Amino acid sequence: MGVTEPLPALGARDEQQLLRAEQGPGGRGYSPGVCLFSLPPGLGPPRAPVSWFRDGETRLLQGPDSGLGHELVLARAESTDEGTYICRTLDGALGGMVTLQLGYPPARPVVSCQAADYENFSCTWSPSQVSGLPTRYLTSYRKKTVPGADGQRMSSSTGPWPCPQDPPGAARCVVHGAEFWSQYRINVTEVNPLGASTRLLDVSLQSILRPDPPQGLRVESVPGYPRRLRASWMYPASWPRQPHFLLKFRLQYRPAQHPAWSMVEPAGLEEVITDAVAGLPHAVRVSARDFLDAGTWSAWSPEAWGTPSTGPLPKEIPVGGQQLVQPEEELQADSPAPPRPSLLPDPRPLDHRDPLEQVAVLASLGIFSFLGLVAGALALGLWLRLRPEGKDGPRKPGFLAPMIPVDKLPGVPNL
């Protein structure tokens, strides 16, 4: 334990007080705590003996015959010794007051870092042991590079640079403009009157990336479909929209009064729930993560509520050039039939396909026609080669007949 600096004296204005902190045996922070002050003129010489009392107690702690003059020494002070002490001169006059508060040397703080996007990250810290003393923190960082794929050895670092605390004095600092594929070393040093202690933490944006929850979650019913809900949302505002750094999402939903969540992973920024419970409001929430699985999933967004539609499917009927919505027979709860198309004529021409699509279709037809012609020519040539001669004509060796007659082969007897 140590001793803090004292509160201002409650006695004469020209008194001076000081608490001295020293290390005790075994490295433990024992005092002794020493109260030093100069007596005002007329109260005695600078080394005049005084008596020390605990505020509110009459028991004498240190008398004028201690040989310490006006110094108070508390050896091996404990937490029970904290409090206010009163100094009196030989004639009983109040010489001064001092408050004693014990504390511990600084311990290595607990540090954690998190990145809400791929360009910036922040680090927070907390004391691993409450020192009870005025404490401040020094924060800095440096970038480290990995020379090899194994990443076991680090090259020379660049920096260090200060990690600005935001706001000043807060237990949080922010690094702006970080590189996604780089590693950084964070230095957080706790300082109090008894010394300093440092915590070093190596981090990479890939491992600490955790986006903020998606925003703008909306849940809407689908008219005419009592088991469907449409949910839509937006990227978090803190995530820069770049084509190479996208987010993927997961969505959870549950009916009211049901504790279990169902989950799906949408392909975009909306999802249609097809197995909602008809007539019950549903809670929906979404979470986000880097699309290449860097870091971890974000926290869940605030829940949004929606209730499936209970009305019939609307039907559009043109009347006098205007569209009226007329209800149709109510569909079954699990009917998969989509809404019927509008009866208005389509003003577009019959063939309104994309020109590139037409070119691709024509090219495919040309290729298939060419291949068909080649296959037909080969089949015709093979048939002409293998077809037999007429009944009266001489027989020619077939396509697969041997070039030398069998009876002319050596070693074959003539029959």
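Biologist: What is the order of the 4 strands in the open sheet?

Modeller: The order is β4-β3-β6-β7, with antiparallel pairing. Strands are DSSP runs of E, at least two residues, numbered from the N terminus; helices are runs of H or I, at least four. This is a predicted model: local features need pLDDT of at least 70, side-chain atom pairs count only at pLDDT 80 or more, and totals for chains, interfaces and linings use all residues. Residues are numbered from 1 along each chain as its sequence is written, and side-chain values use heavy atoms, without hydrogens and water.

Biologist: What makes β3 and β6 a pair?

Modeller: Pairing requires at least two bridges found by DSSP. Strands β3 (residues 51-54) and β6 (residues 83-88) have 4 bridges, so they pair. S51 stands opposite R88 in β6.

Biologist: How do you know that C113 and C123 form a disulfide?

Modeller: The cut-off is two cysteine sulfur atoms within 2.5 Å. Here the S to S distance is 2.0 Å, so the pair qualifies. C163 and C173 also form a disulfide, with sulfur atoms 2.1 Å apart. The whole structure holds 2 disulfides.

Biologist: Why is C173 called buried?

Modeller: Buried means under 20% relative accessible area, exposed over 50%, partly exposed in between (1.4 Å probe, protein chains only). C173 has 1%, so C173 is buried. C163 is buried too, at 3%.

Biologist: Why does I367 count as exposed?

Modeller: I367 has 53% relative accessibility, so I367 counts as exposed. I367 is found in helix α2 (residues 355-386).
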